[in-house]
Amino acid sequence: MKLCSGLSARRVSAAGVVLLLALGAGVRILGVWTLRHHINADAGIVALMARHMALGRQWPAFFYGQAYMGSFEPAVSAVFCRLLGISGFAVGLGTAFLSWLTLPVVYAWARDARDRTAGLAATAFCLIGPAGFFHYNVSPRGGYAATLLLGTFCLWKGARIAAGYRAGGRLRAGDFILLGLAAGVGWWSNQLVAAALLATAAVMAVFIHRRLLSRHTIYAAIAFAAGSLPFWWFNAAHGWPTFAFRGTLGRVGAAEGLRLFFRERLPAVLGIHVPHPVFRIYPWLVTGALLVSLLVIVWSYKKRSAARPFLLAIVLFVLFSAAIFSVSHFATFRTPRYLLPLVPALAVAFGVAVSRLAERYRMPAVLLTLAVIGSQTTVFGWAVEYLRQSGERARSYLALADWAEGSGRRYFHGDYDHHSMNFLTEERVVLAAADRERHLPYAEALESAESIAVVGNYGDVAEFVSRQGGGASYRRVEELPVHYDFIAPRRNLAPIPADRIARAVNARGLDILPLFSSRTVEAVWRPAAGLDPDKIEVIFETPQTVSMLRLYTPRRTEYPLVWHLEVLDEPGGPWRLLVPPTHHKVYHWSGPRLYSWGDYPRFEVFFEPVEVAGLRLSSLPYRPDWRLTPRIAQIFGPGEELPEEASALPRLVELLDELEITRIYADRYAAHRVAKMTDGRIEAPRDSYVKAPWEIDREPRIGIGPDLAFVIRKEDAPFCRAVLQTAALEADELVLPPWVVFHFQNRKPPDENRRNLPLVWTGFSPALTGILRGEALLWEAAGTHRRVGTNITDGEGRSFRAAHPGTNPGALVFGLYLDLQPDTRYRASFELRTAGEGARVRLDVAIDKGRKILAEQDISLSPDEERTYLLEFKTPPRTVQAEPRVYYGGGGKVMIGRMELEQLSP
């Protein structure tokens with residue numbers, strides 16, 4: 001028995017829809033008001049985007065700092081900001097408006113799938129919805145509300161087109177254009193809409209497959225391209241970074257992913273696992289209703305009813321969602337938010353079940369709906385508590401902004417969790433996340449600022465400053481600790497030559513002395529897997545006065561996360577703790593400033609000068625993937641007293657102008673200050689901190705020319721000089737304390753082959769990285785290792801020879817980049833030698849930074865073996881940059897004599 005019939009039923013239904021839409025609007029406005037402070041960092045970013053759009057300052061294609069989740073939803077919020085004034089409430093209204101538009105779509109889908117009663121029940125289910133659904137429909141997070149609306153619309157519209165065609169109607173171009181436009185905007189907004197688009201396409205293929213290859217499909221495709229245009233425009237201009245998500249597939253086995261989907265994530269998104277104590281019946285109600293709806297869907301589908309396309313859309317959407325989820329990295333995240341697009345479809349299923357129940361049991365159907373809605377109201381208790389907490393945090397941010405303005409400060413580092421401060425204070429202060437800032441102009445402002453402050457104790461800044469011999473002021477503003485007025489440790493240093501080191505070993509007792517004379521970022525030793533803790537132990541020929549240890553590697557994760565430093569006062573004596581266990585996270589010193597990690601991270605330990613016979617740096621057990629794996633190691637002692645960098649900067653700029661220098665590589669503080677003082681006339685390398693994530697992996701070679709200068713601190717000048725000599729580069733030197741300026745004004749310009757030498761910047765000096773365009777490099781090992789021979793370029797045979805010093809087990813012992821011809825056969829030969837015992841190695845030739853292996857071979861070397869091994873391969877039909885490599889696998893010491901790469905005859 002239906003709730004109503006005929007004209008009366010339509011009127012009641014219409015009145016019910018109007019009432020539910022009014023209630024839905026009220027619920028969302030109330031939710032926006034309780035969450036208006038946007039103290040969540042992601043919500044703060046969206047609010048900032050809406051603010052910048054409303055002011056006409058920026059029009060980002062995607063969520064700041066990433067290449068997914070488009071800006072359609074923030075743009076809607078920007079419209080409300082223009083109409084009502086910029087505020088957290090206005091920003092939230094944009095999200096809530098899109099969420100509210102989902103309600104009539106849910107009603108229409110459920111009505112078409114069953115009847116008006118189903119439409120009313122489904123809409124009622126979405127009035128508040130489960131906790132996560134409610135939260136992401138009133139709090140801006142970038143694109144979830146838009147994804148729910150557009151994905152749901154596509155599913156309903158595609159099913160409606162299919163149902164109309166199945167009933168004998170004709171296909172209309174307008175429907176396809178509207179569907180394609182919604183799908184395009186949805187794809188740009190959030191690629192989570194993929195499951196909805198696939199299900200829509202499948203439903204239409206089932207019911208109108210004979211007409212899919214028609215002009216209507218072309219109309220839909222054109223509309224899709226128009227709706228998603230910002231997506232394609234951005235990706236084409238930035239190297240297609242969005243499609244990096246392809247690498248996230250296959251992280252979890254399909255069976256395990258499906259188990260997580262149905263047993264954990266789907267119940268979590270419906271709130272079944274965490275019901276409020278007052279409503280413990282809620283999980284049984286929801287589960288029972290969904291099971292009933294499944295039976296109704298199966299029965300109705302078997303009867304070949306007119307609702308089949310709408311019912312099939314529900315089932316296929318759930319199945320496609322489960323399939324995509326089960327093989328993607330989303331399965332590894334303990335959050336249900338990536339499945340929120342399922343809620344409207346499950347609400348339609350709920351409506352179908354209620355309608356079926358109402359045919360025979362009217363009152364139980366009404367009570368079921370009211371019970372489910374009532375149980376969902378528990379979310380308001382959380383929202384009220386959130387309003388209290390967010391209000392306190394907002395007041396703290398405003399108090400900090402007042403203090404900052406009064407004390408002449410504006411630039412702050414801090415955890416990403418504090419990013420909402422920027423919007424809440426109307427950008428009176430600039431806070432950039434210390435590890436990875438999403439809004440690049442903020443990062444650039446922090447990089448070029450003469451001084452910064454740190455909100456909270458992010459990265460254990462207080463411990464870092466005190467352990468490194470620096471200083472800082474401290475105060476608490478409301479609930480927020482603030483560190484400011486940093487004082488850098490004394491930096492009057494002189495390098496201790498590697499020939500003063502008698503022995504250097506790692507935790508396994510293996511010789512790592514070559515690290516202390518290394519000039520290349522390619523040579524690296526790695527500890528054996530599972531070795532924990534690790535260490536670097538150095539014994540000097542005679543006691544040395546030391547005051548700083550530096551390790552360099554291009555990746556910050558290769559530094560110890562927790563470490564301590566010990567010293568040996570006299571040979572044979574006990575080790576003494578000099579620096580207690582310390583967390584090393586995000587900071588290093590440059591000039592007078594504290595800087596967070598960047599593209600050129602370095603691990604530096606400052607301490608008061610002390611005369612020692614040895615040093616031992618040890619990492620502590622913390623995480624097995626954090627290792628001591630440096631490419632370059634340096635030890636410094638006290639040096640001459642040098643002037644402060646800030647006072648010497650004006651003269652440096654004058655000198656660079658006199659030399660007509662337009663590009664410099666300099667330590668971080670000097671680089672950014674010179675760039676700012678010259679309004680960008682003199683370029684300096686930007687740190688990855690001020691790069692977009694899709695730019696970080698790029699490691700450009702240094703182009704040598706008369707417009708270039710290396711501005712190197714005096715303690716690093718010997719290293720820079722040795723690197724340039726090794727690369728056969730002649731440079732003039734000008735001493736301008738605290739720097740030495742290396743330039744090429746009066747030298748013969750390098751030929752085209754040497755203009756982009758295999759040099760990269762480390763943050764304190766250039767270093768060698770390999771071979772490019774057939775250019776040769778030499779390395780000279782320290783200690784007992786032999787000096788290697790000469791490299792040869794054979795033009796006709798295109799043969800490249802290079803040699804590398806012997807390295808220790810655990811090392812990437814060879815890695816050079818070479819430009820190779822397309823669709824050509826090559827042979828790589830590797831000369832290997834073992835001493836005393838056998839070893840295992842792997843040879844390979846890789847392209848695309850190791851993502852594709854052209855040839856590989858595992859080899860077991862016998863004791864005292866000396867032999868040349870060959871690998872043959874063919875390059876793809878495009879110009880590639882190849883990297884022949886040797887990896888240690890285990891056993892004794894492996895020496896590399898010579899590698900040769902030659903082009904074979906066709």
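Trainee: Where is the place of Glu478?

Mentor: Glu478 is in the loop between β4 (471-477) and β5 (480-487). Helices (H or I, at least four residues) and strands (E, at least two) are DSSP runs, numbered from the N terminus. Please note that this is a predicted model, in which local features need pLDDT of at least 70, side-chain atom pairs count only at pLDDT 80 or more, and totals for chains, interfaces and linings use all residues. Residues are numbered from 1 along each chain as its sequence is written, and side-chain values use heavy atoms, with hydrogens and water left out.

Trainee: What is phi of Glu478 near, and is Glu478 buried or exposed?

Mentor: Buried means under 20% relative accessible area, exposed over 50%, and partly exposed in between (1.4 Å probe, protein chains only). Glu478 is exposed, with a relative accessible area of 54%. Its phi is near 55 degrees, a positive value in a residue other than glycine. Asp679 also has a positive phi, of about 55 degrees, although it is not a glycine. Asp679 lies in the loop between α22 and β17 (708-713) and counts as exposed at 73% relative accessibility.

Trainee: How many helices and strands does the protein have?

Mentor: There are 23 helices and 29 strands. Of the 906 residues in the protein, 58% are buried. Contact means heavy atoms within 4.5 Å. Among the contacts in the protein with a separation of 6 or more, 76% are between residues 24 or more positions apart.

Trainee: How many residues does helix α17 have, and how far does the helix reach?

Mentor: The expected span of a helix is 1.5 Å times one less than its number of residues. Helix α17 (residues 379-406) has 28 residues and reaches 40 Å from its first C-alpha to its last, close to the 40 Å expected. Following α17 is Gly408, whose phi is positive, near 75 degrees.

Trainee: Which residues have the most contacts inside the largest nonpolar core?

Mentor: A nonpolar core is a set of buried Ala, Val, Leu, Ile, Met, Phe, Trp, Tyr and Cys residues joined through side-chain atoms within 4.5 Å. The largest one has 153 residues, and Trp109, Leu400 and Phe412 have the most contacts inside it. Helix α7 (residues 144-166) supplies the largest share of this core, 14 residues. A second, separate core of 71 residues includes Phe540, Leu551, Trp589 and Cys720.

Trainee: What does Leu400 touch, not counting residues up to four places away in sequence?

Mentor: With that exclusion, Leu400 touches Phe412, Met421, Val455, Val477, Leu480 and Val482.

Trainee: How many salt bridges does the structure hold?

Mentor: Side chains of opposite charge can pair when their charged atoms come close. A salt bridge is a side-chain nitrogen of Lys or Arg within 4 Å of a carboxyl oxygen of Asp or Glu. The structure holds 40 of them. In one, the side chains of Arg114 and Glu359 meet at 2.4 Å, N to O. This pair links distant parts of the chain, 245 residues apart: Arg114 is in the loop between α4 (88-113) and α5 (116-128), and Glu359 is in the loop between α15 (342-358) and α16. Arg114 is partly exposed, with a relative accessible area of 24%, and Glu359 is partly exposed at 23%.

Trainee: Are Arg602 and Asp667 buried or exposed?

Mentor: Both Arg602 and Asp667 are buried. They form a salt bridge, the closest N and O atoms being 3.0 Å apart. Arg602 is in strand β14 (residues 602-619), while Asp667 is in the loop between β16 (663-666) and α22 (668-677), 65 residues apart. Salt bridges that share partners join Arg491, Arg550, Arg602, Glu604, Glu645, Asp667, Arg713, Glu715 and Asp716 into one network.

Trainee: Which peptide bond is cis?

Mentor: The cis peptide bond joins Pro737 and Pro738, with omega about 10 degrees. Pro738 is in the loop between β18 and β19 (739-743).
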